[in-house]
Amino acid sequence: MFYYVFRAFVLIPLLRWIFRPQVEGLDRIPEQGAAIVAGNHQSFSDQFLLGVTLRRRITFLAKQEYFIGRGLKGRLTAGFFRGLGQIPVDRSGRAAGQAALDAGLRVLESGEVLGIYPEGTRSHDGRLYKGKVGVAAMALRSGAPVIPCAMIGTFEAQPAGRLLPRLVPVRIRFGEPLDFSRYAGMEDHRAVLRAVTDEIMYAILKLSEQEYVDRYAAEAKAELQACAPAPAPAALAVDPRFASGAGRAADEDRTAA
């Protein structure tokens, strides 16, 4: 109930007023049955814009950190994401990938729409990065179609680290559904998963017209941070007693001269 009330009276008016998105290909989202919407990830606002654009409810796999914060702020954040139907996923450790896969499959088995960002994290520079194979595993195991989606302009509006969005034109494009039934029963073949993922990413690339980088976004971010210059050391604080003493000494020297 919270989702529908919050969506109708808060999210839709607010996001449409701020971003004024132009939507193309919305009729490519099936009216019923399981489906995967796979998109590029440019901004924190992406999932909310998709949520108010689709006529159907869409569920995303959200990082667990949004649900375990402390204090009033942590409880409000967790309640906000749970109210929107987001599913927490622990992205640490060896079991992280399987946990995300299981959570996504439960959504699809219920005949709902699952939203996923194959890049795994937001782009830090506006380019499109290599997709992870989890989206392919979900598509092959569930048999659900994959609808590629491109968010255009959201990076310029609200890149990572920016709290308030800029008022720039935003477009949302949906491509033709991708059917991978020809790979049924081959979800355990790594080469097949890689081929399916690359096909999905190419469809997103054609819609978004971004520059493509054939490496994982998380790796590129880590390398960028490792190469960043260390912050300059802070100036040493001077005890006021010594400072005043130095001043008096200087005055005495000038008097003596």
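1. Helices here are DSSP runs of H or I with at least four residues and strands are runs of E with at least two, both numbered from the N terminus. The model is a predicted one, in which local features need pLDDT of at least 70 and side-chain atom pairs count only at pLDDT 80 or more, while totals for chains, interfaces and linings use all residues. Residues are numbered from 1 along each chain as its sequence is written, and side-chain values use heavy atoms, with hydrogens and water left out.

2. Helix H5 itself has a run of buried residues: Val135, Ala136, Ala137, Met138, Ala139 and Leu140. A residue is called buried under 20% relative accessible area, exposed over 50% and partly exposed in between, with a 1.4 Å probe and protein chains only.

3. The axes of H5 and helix H7 (residues 190-208) come within 8 Å and cross at roughly 105°. Axes are lines fitted to C-alpha atoms, for helices over the stretch in contact, and angles run from 0 to 180 degrees between N-to-C directions. H5 and H7 are therefore roughly perpendicular to each other; that term covers 65 to 115 degrees, whereas angles under 35 count as roughly parallel, over 145 as roughly antiparallel and the rest as oblique. On the H5 side the contact is made by Val135, Ala136, Ala137 and Leu140, and on the H7 side by Val192, Leu193, Val196, Thr197 and Ile200. Contact means heavy atoms within 4.5 Å.

4. The chain has nine helices and nine strands. Seven strands form an open sheet of mixed pairing, in the order E1-E8-E7-E2-E5-E3-E4. Two strands pair if DSSP finds at least two bridges between them. Strands of a sheet pair through backbone hydrogen bonds, either parallel or antiparallel. Strand E1 (22-24) and strand E4 (87-89) stand at the edges with a single partner strand each, so one side of each is left without a neighbour in the sheet. From one strand to the next, the twist averages 25°.

5. Strand E2 (residues 35-39) pairs with E5 in the parallel sense over four bridges. Ala38 stands opposite Ile116 in E5, and the bridge partner of Ile36 in E5 is Leu114. E2 also pairs with E7 in the parallel sense, over four bridges, and there Val37 stands opposite Ile147.

6. How are the two faces of E2 covered? Ala35, Val37 and Gly39 on one side and Ile36 and Ala38 on the other are all buried. Five of the five residues of E2 are thus counted as buried.

7. Phe60 is buried at 3% relative accessibility, and Tyr117 is buried with a relative accessible area of 15%.

8. Pro165 lies in the loop between helix H6 (154-157) and E8 and is partly exposed, at 24% relative accessibility. Leaving aside neighbours within four places in sequence, Pro165 is in contact with Ile18, Phe19, Ala157 and Gln158. The C-alpha atoms of Pro165 and Ile18 are separated by 8.0 Å, although the two residues are 147 apart along the chain.

9. Leu224, in helix H8 (residues 217-227), is exposed at 51% relative accessibility.

10. For the chain overall, 43% of the 257 residues count as buried. Among contacts between residues at least 6 apart in sequence, 79% join residues at least 24 apart.
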